[in-house]
Amino acid sequence: MEPSTCPYPLDPTGRELHAEAARLSARGPTTRVSLPGDVEAWLVTDPVVLRSLFADTRVSKDPHRHWPGYRDLPADWPLHTWVSMRNMFNSHGADHRRLRALIAPAFTARRIRDLRPHIESITAGLLDEVASAPPGVAVDLRAHFANPLPVAVISSLLGITGRDALDEMRGLVELFFSTTTTPEQMVTGMETLYRLFGEHVAARRRNPADDLTSDLLAMRDEDGTRLSDGELTDTLMLMFSAGHETTVNLIGHAIAELLTEPRHLASLRAGEVSWEDVVEEALRWQAPLANLPLRFAVEDIAIPGGDTIRAGEPIVAGLLAANRHPAHYPDGDLFDPARADTAHLSFGHGVHFCVGSQLARLEAGIALSALFDRFPRLTAAFGELRQRPSFISNGHVDLFAIPTPAEA
Ligand code: HEM
């Protein structure tokens, strides 16, 4: 076996995410990897170690303060958006608390529960469109169902209107989740995304409405020390992108598995497992974010039974590997919604724990139950599913199925 200190280049095509994760787990709890642009980092695959690093105040997400290598990065480094944006995702300590506090109240359990009728209505509308396909014709459920649902929910929360701008924003976000994006594509994509969000903010400044963008603008105008202009735009971009791509992957993986292994549907119908169980196990089994960049050691951190991560070294969270780690999940490759221990790290842990976890769970639960209620005879029309070209985003390129209605 290769030593954990020999850098393993993460495959940017994401073709064999699980095989790669298993190989890397076998090298130890932490292992060196190389990222595009020859940036080296520690990948953490052991769930116990990862959980403790997520909760460790000696680990930062602020590259400006805690990653000396950040200064040497070329401006067109393809993963720049993952570290450079000025929002809660890339901040540490007091800055993180300040930026997260502006958003968190909109995502309390009660506020999310209140969104149920809205999400159900969007879901029903999308299923009407799926149902309008000619009999026997396969529909791409990623493009026409799993993707537009979370996009519609997050864009209405943010008050993003205008179909063309929304479609363009969606396309650009896919570019950032891909790890085969070229430096040129990344630079022009970022420029366009900033222009589109700039236009969105300007429109809301002219016409405030009942949405998160208008709320943030009001906070900004009230007290500029709470949120700068740059932080406002970067926060909106974070909410938009984090608010859909991962949920699309979750819904897509769950649909694919339910179509491939119909016994799960039988268990659901027999009441042996619930939709919540299915969603939770799908989150564990197919972490929607496979490898999460980047964290930085603020001081030297000795990993029990492993290496020492030196101050200033970057860290990638191996969520996909951790959720199936053989030492912690003896049958981790198996999708089993009835399993006793469904604990997983797909939403992270600690102060950066996903703000939208309850929303994602609610959307996925509504989407899956409504889809299989409406089309109990839904049939897979895919063979080998193609992975998106990414070692970050774990999802499919497309997901074709034939939506035969119940009465046909
Ligand atoms: C299945 C769906 C989702 C998955 C798997 C997921 C995963 C994650 C993970 C792993 C983190 C932690 C990042 C870190 O520790 O570095 C995170 C943070 C975050 N997520 Fe999610 N997420 C999902 C859905 C959502 C949704 C629907 C929203 C918003 C509406 C959202 C907004 C955020 C935000 C704002 C953060 C940053 C929190 C912080 O840094 O304090 N996510 N998410």
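Predicted model: local features only at pLDDT ≥ 70, side-chain atom pairs only at ≥ 80, totals over all residues.
## The ligand and its surroundings

The ligand is surrounded by 30 residues, and the closest of these are Lys61, His96, Arg100, His352 and Cys354. By class, the shell around the ligand is made up of 19 nonpolar, eight polar and three charged residues. In the case of Lys61, an N or O atom of the side chain is 2.5 Å from an oxygen atom of the ligand. For His96, a polar side-chain atom lies 2.7 Å from a ligand oxygen atom, and for His352 an N or O atom in the side chain is likewise 2.7 Å from an oxygen atom of the ligand. The elements that each contribute two or more residues to the shell around the ligand are helix H5 (93–103), helix H13 (229–242), helix H14 (245–260), strand S6 (291–297) and helix H18 (357–374).

## The iron atom

Which protein atom is the donor to the iron atom of the ligand? The single donor from the protein is the SG atom of Cys354, which is 2.3 Å away from the iron. Cys354 itself is placed in the loop between helix H17 (319–322) and H18, and Cys354 is also listed among the residues closest to the ligand.

## The largest cavity

A search of the whole structure finds three cavities of 30 Å³ or more. The largest cavity holds about 880 Å³ of space, and this cavity is the space that the ligand takes up. Its lining consists of 46 residues, and those nearest its centre are Phe89, Leu238, Ala242, Leu289 and Cys354. Cys354, the donor to the iron atom, is therefore one of the residues to look for when viewing the lining, where a lining residue has an atom within 4 Å of a point of the cavity.

Several elements give two or more residues to the lining of the largest cavity, namely helix H4 (80–84), H5, helix H10 (163–177), helix H11 (183–206), H13, H14, S6 and H18. Of these, H13 gives the most, with six residues. When the lining of the largest cavity is divided by class, there are 29 nonpolar, 13 polar and four charged residues.

## The second largest cavity

The second largest cavity contains about 50 Å³ of space. Its lining is formed by Leu10, Leu17, Glu20, Ala21, Leu24, Leu43, Ala290, Asn291, Leu320 and Ala321. At least two residues of this lining are supplied by each of H1 and H17, and H1 has the largest share, with four residues. Eight of the lining residues of the second largest cavity are nonpolar, one is polar and one is charged.

## The two largest pockets

The largest pocket has a volume of about 510 Å³. It is lined by 21 residues, of which Gln286, Glu384, Leu385, Gln387 and His396 are the closest to its centre. Helix H1 (17–25) and H14 are the elements that give two or more residues to the lining of the largest pocket, and H14 gives the most, with four residues. The lining of the largest pocket has six nonpolar, nine polar and six charged residues.

The second largest pocket has a volume of about 340 Å³. Among its 18 lining residues, Arg116, Glu276, Arg361, Leu362 and Gly365 are the closest to the centre. Two or more residues of the lining come from each of helix H6 (109–113), helix H7 (116–131), helix H16 (275–285) and H18. Which element provides the largest share of the lining of the second largest pocket? That share, seven residues, comes from H18. The lining of the second largest pocket divides into eight nonpolar, four polar and six charged residues.

## Two features of the backbone

Pro293 and Leu294 are joined by a cis peptide bond, for which omega is about -25 degrees.

Asp38 is found in the loop between strand S2 (30–35) and strand S3 (39–44).

Methods:
Residues numbered from 1 in each chain as written. Heavy atoms only, no water. Near = heavy atom within 4 Å. Polar contact = N/O pair within 3.5 Å; in protein donor to acceptor, adjacent residues only side chain to side chain. 1 Å grid on protein atoms, 1.4 Å probe; cavity = no way out; pocket = protein on both sides within 12 Å on 5 of 7 lines; lining within 4 Å. Sits in = over half its atoms within 2 Å of the grid points. Nonpolar A, V, L, I, M, F, W, Y, C, P; charged D, E, K, R; others polar. Donors = N, O, S within 2.8 Å, 3.2 Å for Na, K, Ca; no water. Points joined across faces, edges and corners; volume = space filled by probe spheres on them.
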